[in-house]
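The stops below proceed by selection.

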Amino acid sequence: MRETLLEIKGLTKAYPGVIANSDVSFSIGRGEVHALLGENGAGKSTLVKMIYGLVKPDSGSMRLNGSAFAPQDPHAARASGVAMVFQHFSLFEALSVAENVALGMENPPKPRDLARQIREVSETYGLPLDPDRTVGGLSAGERQRVEIIRCLLQEPKLLIMDEPTSVLTPQEVEILFQTLRKLSAEGTAILYISHKLEEIRSLCETATILRLGKVVETCDPRDTTARQLAELMVGASFDAVTREARAPGAVRLAVHNLSARSPNAFGTALKDVSFEVRAGEVLGIGGVAGNGQDELLAALSGEIVTRPEMVEFDGTPVGGQGPEARRTAGLLSAPEERLGHAAAPDMSLTENAILTAAAREGLMKNGFLDWSGARGFTEKVIKAFDVRTPGPGTAARALSGGNLQKFVIGREVMQRPEVLVVNQPTWGVDAAAAAAIRQALLHLAGEGAAVVVISQDLDELMEVADRFAALNEGRLSDIRPVQGLTVEQIGLMMGGAHDMEVAHVEA
Amino acid sequence: MIHLVKRPQPSRVWTAVTPLLAVVLTMIVGGIMFAALGKPPLEAIRTIFWDPLFHPQFAAYSRPQLLVKAGPLILIAIGLSIGFRAGIWNIGAEGQYIMGAITGAAVGLAFYPLDSFIVFPLMVIAGALGGWAWGMIPALLKVKFGTNEILVSLMLVYVAEAWLASVSSGLLKNPEGRGFPGSRNFQQYDAGANTEVIAGTGMHWGVVAAFVAVIFAYVLLTRHIRGFHIRLTGEAPRAARFAGVNPGRVVIFCLGLSGALAGMAGLFEVSGPAGQITIDFNSGYGFTAIIVAFLGRLHPVGILLAGLLMALTYIGGELAQLMLGLPGASIQLFQGMLLFFLLATDVFTNYRLQFGQGETA
Amino acid sequence: MDLGTINPILLVASLMVSATPILLAAIGEMVVEKSGVLNLGVEGMMITGAVVGFAVAVNTGSPGLGFAAAALASALLSLSFGVLTQFLLSNQVATGLGLTLVGLGLSSLIGKPYEGMKSPTLPDLPLPLLADMPVIGPMLFQHDLMVYLSIALVAAVWAGLKFTRAGLILRAVGESHDAAHALGYKVVRIRLMAIFFGGACSGLGGAYLSLVRVPQWTEGMTAGAGWIALAIVVFASWKPWRVLIGAYLFGGVTVLQLNLQAAGTRLPVEYLSMSPYLITILVLVIISARGYHGAPASLGRPFHASH
């Protein structure tokens, strides 16, 4: 048994309308790799924010190294030896790597010394990084290295990692795990947050499973099957996604040598992307975040206009058309970002239905809107997709992530698209909602639509796609049938290990 | 400790209550200010808000003034509010107002002394076009080059003012004016005069135009896809692009519309209440209309009410100047405070207060 | 017209004087924008500074006290903007406009009794040795204290942003308030300090206008200087030394057109007096056609620490 490093006792935190954490207790030993497992909304991030000093608990206590630990803010947490690698929101794109690292340290050394230290640590742990580069120009994997190095420079006793592998290829994940194992051997405890069961089983020695804010189990994941873990995490079993075998029909969507610049300063340009999708077929497009996924969706939805022949829909060149024309013809899409892109946060669901369905559903005449028709359509979507909301007048931002995602996908599916393109259809969505969304996409394909699913979740793509390709730095890999694909092959399609190396430290 | 919690959706009650709360707060703080200036606060407040409508002696004169002053404010504010809804910040309405007045008056003066019913409508169209053209400058620069419309439209106010100074003592100067600066007076040119539609009410053609604009804006924003797209652009620009809105066209439409309405307001003013082009015929309506737009919650009906209220403070302010010797500038400050308090209380529309333990900020 | 009456030495010297109010306001606003806040109330803060500085200088006989009071008054006024935008999460564009309207009203109310009065002004402070140099001496080194201070302020802001940890944190907050918050930086507090600093600078700029440049109080005397300061920040791509260049270029245009007016050119006065505004627009167009380089990514976006 390891010596206890952090002991958490009865932590409770409530927000208006939800109890994020209720009486959470567990402990982490020195050098232990401890998994925190749970669905989206289970309270994982609130819990780690309390440990990192970003949120104060309503009740309960923590002890670090045997003495009381109640960090006022992240500075205090860092000073006590707690470091955190964030999933989002902690890097500054316009600043250099060194500046980003300095901002996460309590007493950064002089710039020149810091640059040297960054080089040293990045060398030691196999995380190559140039301290002078601007973070905005880095890939998702490189950005994560910045965060990790920022933590390592402070020689933390406890390293919190929030979903670190969602931005990595399988090869990179393997290298990261080796780095983490070395750290653990050096005595650094790691609190590893994830919902990926196999990862946890291969890396962690203890797992605390949260459900609806409560600890439901603490166990050794190596002795527990993935199935058992999943049931503990989700609570109830639900129907697995089913797919019928079907013969693909005619080509509905064809993309020829699509190249397009990104509208964002730090975006990724599309380079020479070509593929075809047939009626009844689901094409899965994988890849690490930031490799052109947003741009590909925009080029297909019409937000990015290209040369007409680059995008063909049922044989008609549509690359030069805007979103309205493509939608009317039957080429529909749903972008990744729910709030602010797929839906307007402060507008009602009915208004958000108008947003894409006005023309195709006949919700306007001569430009004048048919609000009662729109309400009817919205209610249809709410009912068909089991969107939990008081009614169509509710603002989009009032819905939970899963419910809003069901609404956004439902809004497009209910318009009977000929071709549907979705980006990250189940990102941040609980398992039951994710299954429902995937089932709806498969059902749509079963009825003869062509579906393109862009996703960073490989399990999802393996579940729904017939064929698979990966985006890497704006280029699309070869397209292969999903059946028979190995994780190794998928990883190579995504760009392999890029330039990561195995850590050089001796354990 | 008190902190703010975001409401799941905007509160309808607070949307309506905040303007009233802002008025009350402004009265309180304004009263303190009047007291500090050595004026009786309650009497000053009463003189500003009550007497123009109900004073036995002055009300007969000042009541019609309410519409005369509210007309241009509402007309301009309606145009501005549509742009503000889309996140397009035209703050140069004063310049568009001046340019509309100049072009409209120039057309009228060109016809002088022709006596035809066609003159006045032509002047209105010319005024709208003049304001529209002045609004198109920031619009086109924004669409073509991404230039900030706030700064450009504001700079153009100063340019328009210089232009006004130039024409009132040059191009449009009254040839029979014995050398005094200023154009011919439209009050003495019937075909080009903006007259009262119903005598004695203050309701001139500009007021009619303002009411039409209110109805037009209401229909546009609540019933038409174009109005929906304008709101969407302001709420979530990326979602608007996804919906298929061309942001450039929204900019052109909004700045063009607000420019045209401001230009019309300028023409109505110069051919009616002001009577002639002079170096200072404009009385800052273009700026006050910004307050009106916000006070009316960028909603057409709200703007109608806010325009009347703001007109009241103008008239009441003049009355208070006359009767209590209140400095004219204090009314300007009063109006500015109204906007400030509105913005301050607006937070309750989207957030509510919670007492107790909170986040570390 | 007689161009011979325009003396190049005097032109440069008066250019620096004419640019100083805008320079002060612009460098302050640049710091505010670097922290991610867009305060459009510069005009209102400047004119408040102008009237308060003038009134205090007249009443105390000390221009120094006038400057100090102006800085304090405008900074306090800017805090009202800070409270509204940072605590009450109001729209920054609307609040900035409101600040300008309040400032204009407040200043004309305070200033009424002071119209037409004279105030003590700052003495020139020739720098030893440097001032005696031919040509360059009278051009650059025979100014009053505030001219030197304004340049020193630019240097200080430049060094502060580039080399200090406080500067790095300020830039970080302006780039991404969410990330800064996640790392434990007090976004609201840092922004309030930046707003306060910007207000004080605007106040100094306004006071320089009423105490040195004009020197008199007239209603609305800033005549858009605050807006031009905002334009100069854009022109400068949020870089301190370019703010200096922008302000001096603008000062040059103003002085030149005044000199041309005095020299009696055939161009009507109105066209000359609109030229600074037209040139500002032109410069904005050229800069924006090149694309906005260096605008802080969080500029103008409201921040609320949610869970």
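Helices (H or I, at least four residues) and strands (E, at least two) are DSSP runs, numbered from the N terminus. The model is a predicted one, in which local features need pLDDT of at least 70, side-chain atom pairs count only at pLDDT 80 or more, and totals for chains, interfaces and linings use all residues. Residues are numbered from 1 along each chain as its sequence is written, while chains are lettered from A and ligands numbered from 1 in the order in which they are written.

**Stop 1: a loop in chain B**

Select R297(B), which lies in the loop between α12 and α13 (300-324) of chain B. Its phi is near 55 degrees, a positive value in a residue other than glycine. Most residues other than glycine have a negative phi, and most peptide bonds are trans.

Are these residues buried or exposed? A residue is buried if 20 or more other C-beta atoms lie within 10 Å of its own, exposed if 12 or fewer, and partly exposed in between, with C-beta atoms placed from the backbone. R297(B) counts as buried because it has 20 C-beta neighbours inside 10 Å, and L298(B) counts as buried because it has 22.

**Stop 2: a cis peptide bond**

Move to Y112(B) and P113(B), which are joined by a cis peptide bond with omega about 5 degrees. P113(B) is placed in the loop between α5 (93-111) and α6 of chain B.

**Stop 3: chain B against chain C**

Display chains B and C together. Contact here requires that the C-beta atoms of two residues, placed from the backbone, lie within 7 Å. The contact takes 41 residues from chain B and 42 residues from chain C. On the chain B side, β1 (2-6), α6 (119-145), α7 (149-168), α12 (285-295) and α14 (328-345) each supply at least two residues. That side divides into 30 nonpolar, eight polar and three charged residues. In this classification Ala, Val, Leu, Ile, Met, Phe, Trp, Tyr, Cys and Pro count as nonpolar, Asp, Glu, Lys and Arg as charged, and the others, Gly among them, as polar.

**Stop 4: chain A against chain B**

Now show chain A with chain B, where the contact takes 33 residues from chain A and 21 residues from chain B. The elements giving two or more residues to the chain A side are α10 (323-329), α11 (349-357) and β18 (368-369) of chain A. Of these, α11(A) gives the most, with three residues. By class, the chain A side has 18 nonpolar, nine polar and six charged residues.

**Stop 5: a sheet in chain A**

Which strands make up the open sheet of chain A, and in what order? There are four, in the order β12-β11-β14-β15 (chain A), with antiparallel pairing; two strands pair if DSSP finds at least two bridges between them. β12 (270-278) and β15 (316-317) of chain A stand at the edges, each with a single partner strand, so one side of each is left without a neighbour in the sheet. Six bridges join strand β11 (residues 251-260) of chain A to β12(A), and the two run antiparallel. Zoom in on V255(A), which stands opposite F275(A) in β12(A).
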